[in-house]
Amino acid sequence: MVESSAEKVKKKATGTTKKKVKKGIPIPSSVSVKQLGELLDVDPVAVIKDLMKKSIMATINQVIDYKTAAMVARDLAIDVHEEQVSAIKEMPKYHRFAIDDNITQKTRPPVVTIMGHVDHGKTRLLDAIRQAKVMDSEAGGITQHIGAYQVEVNGQKITFLDTPGHAAFTSMRARGAHVTDIAILVVAADDGIMPQTVEAIDHAKAAEVAIVIVINKIDKPDADIERVKQQLTEHNLLIEEWGGDIICVPVSAKTGDGIPDLLEHLLLVAEIQELKADADRKALGVVVESEMDTQKGPLATVLVQQGTLKVGDSVVVGDTWGKVKAMFNDEGKHIRKAGPSMPAEIMGLNSVPQAGDGLKAVSDDRSARLQVEKARKAKEMESTQVVKVLALEDIYNQIKSGQVKELNVVIKTDVQGSVEPIKDSLEGLNVEGIKVRILRADAGNITESDVTLALASQAIVIGFNSRPEAGARRMADSEGVDIRVYDVIYELIEDVQKALGGLLEPIIIEVVDGHAEVRAVFTVGKRDRIAGSYITDGKVLRSSFARIIRDGEKIHDSTMSSLKRFKDDAKEVLTGFECGISVDGFTDFKVGDIVESYHSEEAHRGTAL
């Protein structure tokens, strides 16, 4: 059979030329365009083009639902089915690693990030845990880069990420890298909660990870543990001792007091989370640190999340690729493989990747090169479009596609007295099934930290008599974060309320267009029958649904198959005119029958304050 030129063009556009038809690929209930392209092994540009044919204007990072993804797959001749998460679905929201629902899942070590205010002892705490002199290598005693380390406690391993603070933690989240299971918030017993501590709390809450409070420097004469505990309650962190569910451990990183207790609690939290991974598949991971070494070339510290990474593996890392020539553990020793939750420094990449870039082991170098080339083309295409991560007027489409039932908001006001009324009003919006989640509510200008938090959490920033700083505005413009500034509280609340109305899944309602009375029945051919009808009210549309009513009861419901005025086809016939009607799947017309013409449309719900 000769292939038509149209088919050839279609294959070229979709990237399906000479590809074998894939069967039974599991697709999540919500998936980004980029992820869908990777799962189907096609160019994301092909996915975007197919969506455009369906009048869906999507960017490479936009999330679509399974139904839409399945339509794209069908167009590409690829068989898919919806991924079933089964019992694992009931795990806490902060289970960050990819989940494969199969029997090869085994318990993996927890990944712990240490955050807190500058000079509150984050690195010294890790130093005490590792019993090594990490801090000696840090300029001025302040952490200069992200490090990943693994320690063993009573035969069980824990992976620690040492960060310069919440900014690195959140910027990685903004790039889609959800690597942390537990966040340790370090608070100095003598200083108490400081501004950076508050920001770290906000970012940890937004990431929905388990939080463990470490009150450090209890060895100092002016240490006041009870004051710190009281301050924590002011930020909605109620510790277990006071009836809450937040673990709080007093320690001294200097003397080592409390460190064993902290490690036991971390293992307990990990056990509750039931963290699992499949070590037998090809490796998936994320870059936590990268650099250009003058002797070794591009180096990347990666955290393996699923599978096992081995020396000799071909890998795709962000927009670069390579073959793993050598791997080192956190002590600088050569290793041959790294399993789930294990950090490793790899060499062999073509260029230096960015922190937060995903790592994926592939079959060979050729496959790696092709995937990187596809990703670069998609990135170039995306760079030509200015897309907001989440715009207030587009909340309905964004949240519907991701099947998320909440609106994340960062609030900044001119004075502290305005914070609570606005916060209470937004949280009090009563719209069925939808809620406003306040990530941060504080007085002051809109800062880069606010924008970073919004970027990582798919949130909007709302200012009341508060303006964005120059840096925050530039970041918001470049990253597509929506900042809304108001000077009237009523308008602020009203705008959010309208957006929430759109958040609700639409009600599909029937709208009756008109009725026609059957006054004669004509036979056409052997079987077809046409109802000679008179429009009694409204209008009858060729494109509408048709319901046959006899003696007040519905006897058939389908679609209009034809509508004629005399011998000509008609799109619609108005009240007072005669026409010929045929209905799909129905021929048993009788004089006196009523044909009801109707269509369906969406109606969005909204509720007053």
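**Entry 1. Val45**

In which helix is the place of Val45? I found Val45 in helix α3. Helices here are DSSP runs of H or I with at least four residues, strands are runs of E with at least two, and both are numbered from the N terminus. I am working from a predicted model, where local features need pLDDT of at least 70, side-chain atom pairs count only at pLDDT 80 or more, and totals for chains, interfaces and linings use all residues. Residues are numbered from 1 along each chain as its sequence is written, and side-chain values use heavy atoms, with hydrogens and water left out.

I looked up the accessibility of Val45 and noted 14% relative accessibility, which counts as buried. Buried means under 20% relative accessible area, exposed means over 50%, and partly exposed lies in between, with a 1.4 Å probe and protein chains only. I then checked Val45 against Ala375, 330 residues apart along the chain, and found their C-alpha atoms separated by 9.2 Å.

**Entry 2. The chain as a whole**

I counted 15 helices and 33 strands in the protein chain. The chain has 609 residues, and 48% of them count as buried. Its accessible surface comes to about 30,000 Å², with 49% belonging to carbon and sulfur atoms. These areas come from the Shrake-Rupley method with a 1.4 Å probe, and for residues only the protein chains shown count as cover.

I also looked at contacts, meaning heavy atoms within 4.5 Å. Among contacts between residues at least 6 apart in sequence, 70% join residues at least 24 apart.

**Entry 3. α3 against α4**

At what angle do the axes of α3 and α4 cross? I noted roughly 105 degrees for α3 (residues 44–53) and α4 (residues 66–75), with the axes coming within 10 Å. Axes are lines fitted to C-alpha atoms, for helices over the stretch in contact, and the angles run from 0 to 180 degrees between N-to-C directions. The two helices are therefore roughly perpendicular to each other. The cut-offs are under 35 degrees for roughly parallel, over 145 for roughly antiparallel, 65 to 115 for roughly perpendicular, and oblique for the rest.

On the α3 side the contact is made by Val47, Asp50 and Leu51, and on the α4 side by Thr68, Met71, Val72 and Asp75. By class I have four nonpolar, one polar and two charged residues in this contact. Ala, Val, Leu, Ile, Met, Phe, Trp, Tyr, Cys and Pro count as nonpolar, Asp, Glu, Lys and Arg as charged, and the others, Gly among them, as polar.

**Entry 4. More on α4**

I listed the buried residues of α4 as Tyr66, Thr68, Ala69, Ala70, Val72 and Ala73. Ala73 has a relative accessible area of 1%. Leaving aside neighbours within four places in sequence, Ala73 is in contact with Leu40, Ile78 and Val80. After α4 comes Ala77, with a positive phi near 60 degrees.

**Entry 5. α13 against α14**

I found the axes of α13 (residues 448–457) and α14 within 8 Å, crossing at roughly 20 degrees. That makes α13 roughly parallel to α14. The contact uses Glu448, Val451, Thr452 and Leu455 of α13, with Gly471, Ala472, Met475, Ala476 and Glu479 of α14. By class it has five nonpolar, two polar and two charged residues.

**Entry 6. Positive phi in two loops**

Glu274 has a positive phi near 55 degrees and is not glycine. I placed Glu274 in the loop between α9 (259–273) and β12 (276–278), and noted it as partly exposed at 48% relative accessible area.

Asn465 also has a positive phi, near 55 degrees. Its loop runs between β24 (459–464) and α14 (470–479). Asn465 is partly exposed, with a relative accessible area of 35%.

**Entry 7. Lys157**

Is Lys157 buried or partly exposed? I noted Lys157 as partly exposed, with a relative accessible area of 40%. Lys157 lies in strand β8 (residues 156–162). Not counting residues up to four places away in sequence, Lys157 touches Pro109, Pro110, Gln150, Val151 and Glu152. Pro110 is 47 residues from Lys157 along the chain, and their C-alpha atoms are separated by 7.7 Å.

**Entry 8. Cysteines**

I searched the whole structure for disulfides and found zero. The criterion is a pair of cysteine sulfur atoms within 2.5 Å. Cys248 is buried at 19% relative accessible area, and Cys579 is buried at 7%.
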